[in-house]
Structures are given as C-alpha cells and as structure tokens.
Amino acid sequence: MEREVVVSEDAAASSSSSSSSAAAASFSLAETRVICRVCQKQFAQYTCPRCNARYCSLPCYKGHSVQCTESFMRENVMDELKQMQPEDESKKKMLDILKRFHLEEEDMDSEGEDESILSEELIQKVMSGDEIKLEDLSDDEIKRFRQALASGELSKMIEPWTPWWKKPSARSISLSPDGSQLIRQVSVEDTDMSDPMADPESSISEIPEGPESALPSLKQLTRAEPSPLLAVQLVDILYSYCFTLRLHNGDWHSDPFGASTVALSVSKVMGEDAKPETVSEALTACIEETCSPAYRHTGGFRFAIALVDDIISLLTLGGNALVCALCDFRRLIHIGERMLKAEKLGKAERSRSTQKLRAADRKLYFMTCWVHEQPNEAWSSLARLVEVQKASLEELDCGSQFQRAGRKNDAQSKVLIEEI
C-alpha cells in the first residue's frame, strides 16, 4: 500500500540522500510534497529558477527574495530595450546632431545670444520620434537653416563616412567561379524589390553584395570582340561611383533618384555615351565636372584627387571587389529608375531620364560581365596607369599654385606711386 508523505523543504533535501535506504523499506514513497517555503501553509507547486526555492503562488514568489524578483524585472527591461535599440539609436543620433549644432551655434555667436535654429516645440517633436518637414519651420527658422546649410555648419555635424573599399574586410571578398554570391540571405521579398525608403539603415551593409545569379560570358552577350577601351571606360564609371557615394556620405538610399542623376552627370560614358581613348582623357572630363559650378562645393580639385585615389584602391582590391562595386552601382540605377515615377517631371523629360537610366543599366551589366572575365593582373596594371595620371595631376596643381603665388607677389611688388 502506497502512502503520501508531507515534508518541509529541508526534509525534502535530506530525503534525497537517504533515497537508497528508503527503497529497501516495505513501503514506497510514491510522491513527496513540499510545503511552501514562504507561507509554510500551502503545498509548493513551483520552483524559483534562480535560487531553487519552492513556493505556491505569485505573492509568495514576490516575497521570497528581493534579489530574484529585481533581477528578473531588470532582465525583462533589458530585453525590451534591446528590441527597441534600432529606433532608439536613430533618435539618439538625431539628438546628438541637434546638441552639437546648438553648442557650435552658441560658441560662434559673438553677441552672446542664446538663440537656436529650432524651437523647443520642434526639439520635443524630434525627441518623440516624429518627422520634421520644412513646412514645420517658421520663416526665421528656415532662413537660419539655409544660412547654416550654405556656410557648411551642418556638414561639420555629420560623422565622416568610411568607404567600404577602405575597410579591411574588403581585402577578402569572395565570389563563386560564375561570379555570383557565395552566400545569399533568404527573405520573403527580394531586397532589390523592397521599398528603398522604408529602412535605409538596414539596406547599407559593410560590403556591397555581388550578383545574385551567375554572370553570362561575353560571347552570350555580343558576337563582336570587346573594345580594348573598356578599361578606360571603367575608370570613368568608378570615378562616378565613388563621387556619388562620397557626396551622399555613403547613403545613396536616402535619395536614389538624386544619386542616379548625379552619377549620370559625372560619368560621361554613361550620361553622354562618350568613348574616351586614354585614362588621362577620362579623368580630365570627370575632374572638370567636379570643379564645375554645380559641384564646386564638394571640394574642387582636392576632392577630385581623393576620388582618383579611391579608384586606385578599388583596382588594387581586384576583380571581385570591382564586381561588387558595379553591382552596387547598378542597384543605385535600378532604384533611381523606380523612384523616377514619384518625381514631378514632364512627359518628355521623364522619357529622356528613363532612357538614360536604362542605357546606363545595360552598360553597367556588360561592364560587370567583362570585369569578371579579366585576370587580376589586368587591374594592377590599370592601377599603375591611374597612379601615374594622379602624380601628373598633382604636379600640375602644384605648378598652378606656384604661378598664382608668383602673380600675387608681382602684384604686391609693383610700385603704384613712385616718388620723384
């Protein structure tokens, strides 16, 4: 005959050590029921996962140990904060930008005025996560915002972007023999078909993804032999790609159509169907556009030299990095073409823009297939050619600086009034 034995928690602990002797007894312990450690009245039905204390109900759990309950609540709060981290990080960045702007504005205010570009109401709106539009600003706030934008004060508050081709991970890019990605993330909807304005932060990865499918051979694309000037055209395309990414601080997803328009205006190969015959000719056309009134604010000649250095870095990384760069450029053109539908353009202008973007897409695809078939030795040779052109451009810049300095000294030394 079996019987039920009721023991306290301490007795239950000691009963485990004498279980072997109890098994030899004439009766068996079918079930050991423990009294609640807290109230000492009810049977314990639960066990605390932290201290192994036995309790019967929620009030007894809350009262059995302050440390256990506090740590449990703290972990729940931390888990909740981790889930909210992306939104909180974006708010934190926005607030940091506003704080830095207010501090710099106060330092530059010679009259000691404590006036900021945004009102307290708008700052509270930003802190609550709402979006601010230009229509929300008053006339005075719009005026000061545009002054700060024209003077470059707002640019100082943007963290400098590090190009992906400058990162160590870019040196170990691997693609399959057919040029496609080795690993592809599986999702319900294709990333390229998703809304580019939905979550731009999630669309930016450290290294751009390569082709999603195998690249065809050039023989499948054309019967003619590839032009020997494709390497020169590649320099033009890479210059435009680096220019566009640096101009948008690495985040072209914020304005895909504007980024694609900039890319076509800088690249004469894609925008005007030009066919430069030398690396010098290709770079000269790109640098002239960079120093034009439309883009002079980016930094002029010094910025153009930095872009040439970016081309050298990409060529040095080899064919896989170039394929990823061209694929990223092609995604930019794709999304820019989709966003064209939302732009307020005339029918004729919309048609011209669509034709240009589609032609640029075809050129980028053909260039990607051509790059994939070239040996890595070709890129080191092309990089040396670009380095030679960069050195000659820097010498020309130094010579022009000396000439300007000489003319300035001559003007200062010229006697305007001579005493007789």
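Trainee: Which residues of helix 14 are buried?
Mentor: Gly300, Phe303, Ala304, Ile305, Leu307, Val308, Asp310, Ile311, Ile312, Ser313, Leu314 and Leu315. Buried means under 20% relative accessible area, exposed over 50%, partly exposed in between, with a 1.4 Å probe and protein chains only. Helices are DSSP runs of H or I with at least four residues, strands are E runs of at least two, and both are numbered from the N terminus.

Trainee: Before we go on, what sort of model is it?
Mentor: It is a predicted model: local features need pLDDT of at least 70, side-chain atom pairs count only at pLDDT 80 or more, and totals for chains, interfaces and linings use all residues. Residues are numbered from 1 along each chain as its sequence is written, and side-chain values use heavy atoms, leaving out hydrogens and water.

Trainee: Back to helix 14. How many residues does it have?
Mentor: Helix 14 runs over residues 300–317, so to speak 18 residues. Its C-alpha span is 26 Å from first to last, close to the 26 Å expected. The expected span is 1.5 Å times one less than the number of residues. Just after helix 14, Gly318 has a positive phi of about 105 degrees.

Trainee: And which residues have the most contacts inside the largest nonpolar core?
Mentor: Trp164, Leu234, Tyr239 and Leu315, in a core of 66 residues. A nonpolar core is a set of buried Ala, Val, Leu, Ile, Met, Phe, Trp, Tyr and Cys residues joined through side-chain atoms within 4.5 Å. Helices 14 and 15 are among those that each supply at least two residues of this core.

Trainee: Is helix 15 enclosed or open, and why?
Mentor: Largely enclosed by the rest of the structure, because 16 of its 21 residues are buried.

Trainee: New topic. What does Lys166 pair with in a salt bridge?
Mentor: Asp309, at 3.2 Å from N to O. A salt bridge is a side-chain nitrogen of Lys or Arg within 4 Å of a carboxyl oxygen of Asp or Glu. Lys166 sits in the loop between helix 7 and helix 8 and Asp309 in helix 14, so the pair ties together parts 143 residues apart in sequence.

Trainee: Which other lysine does Asp309 bridge to?
Mentor: Lys390, with the closest N and O atoms 3.3 Å apart. Lys390 is in helix 17, 81 residues from Asp309.

Trainee: Is Lys390 buried or exposed?
Mentor: Buried, at 18% relative accessibility. Asp309 is partly exposed, at 27%.
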